[in-house]
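Please open the model in your viewer and keep the selection tool at hand.

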Amino acid sequence: MPARKTGYYCSACGHFTPRWLGRCAGCGAWNTYVEEAALPAGHARRVTGTGDPPLPVTEVSPVDGQRLSTGMAELDRVLGGGVVPGSLVLLGGDPGIGKSTLLLQVAGAVGSAGNRVLYVSGEESTRQIKLRADRLGTCCRELYLYAETSLEAVEEQVASINPELLVVDSIQTMFGAEIASAPGSVGQVRECTTRLMRLAKERSICVFVVGHVTKEGMIAGPRVMEHMVDVVLYFEGERHQSLRVLRSVKNRFGSTNEIGVFEMSGSGLREVANPSSFFLADHGRRDVAGSVVVPVLEGTRPLLVEIQALVCPTSFGVPRRMTAGVDYNRTALIMAVLEKRLGLMLGNCDAYVNVVGGVRIVEPAADLGIALALASSFRDRVVEGRTAVVGELGLTGEIRPVTAVEKRIREAAQLGFARCVVPRQKDVPAEAGLETVQVATLAEAFSLLFS
Ligand code: TYD
Ligand code: MG
């Protein structure tokens with residue numbers, strides 16, 4: 001690769017210009033120039049390398065150093081058992097969702113455990129953070145607050161304080177002097193991430209970086225950083241509800257399908273150790289058509305969620321379909337199967353499907369639950385007797401096996417369910433106090449519950 005000059009490169013065709021242009025002179029695309037800094041002479045831009053020669057894999061020592069506990073079991077599990085020293089973790093999420101709160105609690109917990117923490121904020125003054133820390137009860141001697149947006153200053157302080165944990169809130173407010181464009185631009189975000197990454201590797205410290213999901217299609221948001229960092233976590237939830245879900249979408253040191261569940265309270269985020277009971281808080285007090293409980297699997301952990309459907313006649317020409325928490329196209333497919341295999345005429349009905357509590361289900365194992373919720377609402381028949389259902393639906397109306405069926409059944413039994421409808425498969429265990437019913441087709445499940 002030829003040496004990069006300081007200036008602007010088109011992100012579509014790579015065309016170079018020393019001055020910013022609105023339209024690329026190479027390919028004609030608009031708004032594609034991104035600023036990049038030239039490498040200082042003789043400075044190899046090494047991010048993770050150590051300069052060691054290649055080694056046989058059997059002679060490489062595994063991760064050196066212990067993982068650092070964040071003091072929150074939910075977060076530790078999502079990270080794969082704590083933070084690995086020398087790694088950079090990106091925490092993304094909408095503004096106001098609670099990223100700063102989470103990291104301040106982590107900073108407090110790590111500080112109380114006797115490790116030095118530097119909390120850098122480019123968004124709030126140290127007094128604001130202190131107020132919040134007081135409220136969260138996370139003040140301790142080892143926690144250093146620093147309100148700064150200059151990356152050079154942060155690097156200097158890291159060198160003098162020598163912390164084990166560095167928190168940078170947020171990447172969009174940081175700027176490096178080498179790049180002229182404003183903080184929050186793609187060039188700055190990229191440059192600052194690279195330098196923080198190098199800082200983490202060189203000094204072997206844990207770095208947490210906050211990235212706001214920006215309105216403009218995530219242009220200078222966490223998306224441009226995802227490929228550079230070690231771990232990407234997203235903090236999700238409805239701002240008006242108290243439930244927050246922490247999801248890992250990339251993890252170089254662990255599995256990516258774990259979630260952590262938190263509740264936002266007056267005194268910060270509280271871990272929800274038993275999310276099923278949270279999601280089903282008022283289920284069972286209502287006996288209404290269109291509600292079905294499904295044991296889904298989030299990572300290695302089973303979770304009981306309530307799927308609600310509402311089917312009603314269309315009053316205007318084209319039927320309306322809306323889903324929240326489940327995939328729209330998957331729901332359309334399930335409705336087609338219901339129509340074809342069970343003869344439910346949904347074609348001139350509006351249909352709405354919602355997952356209670358703001359959870360998002362991606363597993364096909366929820367298919368049967370969605371189908372039965374729709375059928376229940378269409379027929380106006382209640383699914384009786386504290387029943388949970390699970391199963392993947394095939395196009396011919398067959399119910400296909402699901403993974404980890406024993407975990408799902410156990411979770412349902414623990415939460416007081418009396419019956420669980422599952423696919424016909426081999427490893428279905430008998431659980432005390434719970435009747436398991438195996439079904440092979442959608443029609444079988446339908447007649448079992450609604451006849
Ligand atoms: P914040 O962590 O500032 O969000 P972010 O850094 O992601 O932008 O959290 C903001 C919201 O959290 C704010 O609307 C108030 C709420 N909150 C609580 O409900 N309880 C608390 O103890 C704290 C600190 C914040
Ligand atoms: Mg914040």
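How many salt bridges are counted between domain 2 and domain 3? The count is one salt bridge. The model is predicted, and the stops below lead to that pair and then onward.

**Stop 1: the domains**

Colour the protein chain by its three parts: domain 1 (1–38), domain 2 (67–273) and domain 3 (278–450). The centres of domain 2 and domain 3, taken over C-alpha atoms, are 37 Å apart. To the contact between these two, domain 2 contributes 14 residues and domain 3 contributes ten residues.

**Stop 2**

**Stop 3: the salt bridge between the domains**

Select Glu236 and Arg360 and show their side chains. The two form a salt bridge, and their closest N and O atoms are 3.3 Å apart. Between domain 2 and domain 3 there is also a count of one residue pair in polar contact, with both residues at pLDDT 80 or more.

Next, highlight helix 1 (73–79), strand 10 (243–251) and strand 11 (259–265), the elements that each give two or more residues to the side of domain 2 that touches domain 3. Which element gives the largest share of that side? Strand 11 does, with three residues.

**Stop 4**

**Stop 4: ligand 1**

Centre the view on ligand 1 and show the residues around it. It is surrounded by 16 residues, of which the closest are Gly96, Ser100, Thr101, Ser265 and Gly268.

- Thr101: an N or O atom of its side chain is 2.6 Å from an oxygen atom of ligand 1.
- Gly268: a backbone N or O atom lies 2.8 Å from an oxygen atom of ligand 1.
- Gly98: a polar backbone atom is 3.0 Å from an oxygen atom of ligand 1.

**Stop 5: two backbone details**

Most residues other than glycine have a negative phi, and most peptide bonds are trans. With that in mind, select Asp169 and Ser170. Is the peptide bond that joins Asp169 and Ser170 cis or trans? The bond is cis, with omega at about -5°. Ser170 lies in the loop between strand 7 (165–169) and helix 5 (186–203).

Finally, select Asn31, which is found in the loop between strand 2 (16–17) and strand 3 (33–36). Although Asn31 is not a glycine, its phi is positive, at about 55°.

Definitions and conventions
Residues numbered from 1 in each chain as written. Chains lettered and ligands numbered in written order. Predicted model: local features only at pLDDT ≥ 70, side-chain atom pairs only at ≥ 80, totals over all residues. Heavy atoms only, no water. Domains from an automatic or database assignment. Contact = heavy atoms within 4.5 Å. Salt bridge = Lys/Arg side-chain N within 4 Å of Asp/Glu carboxyl O. Polar contact = N/O pair within 3.5 Å; in protein donor to acceptor, adjacent residues only side chain to side chain. Helix = DSSP H or I, 4+ residues; strand = E, 2+ residues; numbered from the N terminus. Near = heavy atom within 4 Å.
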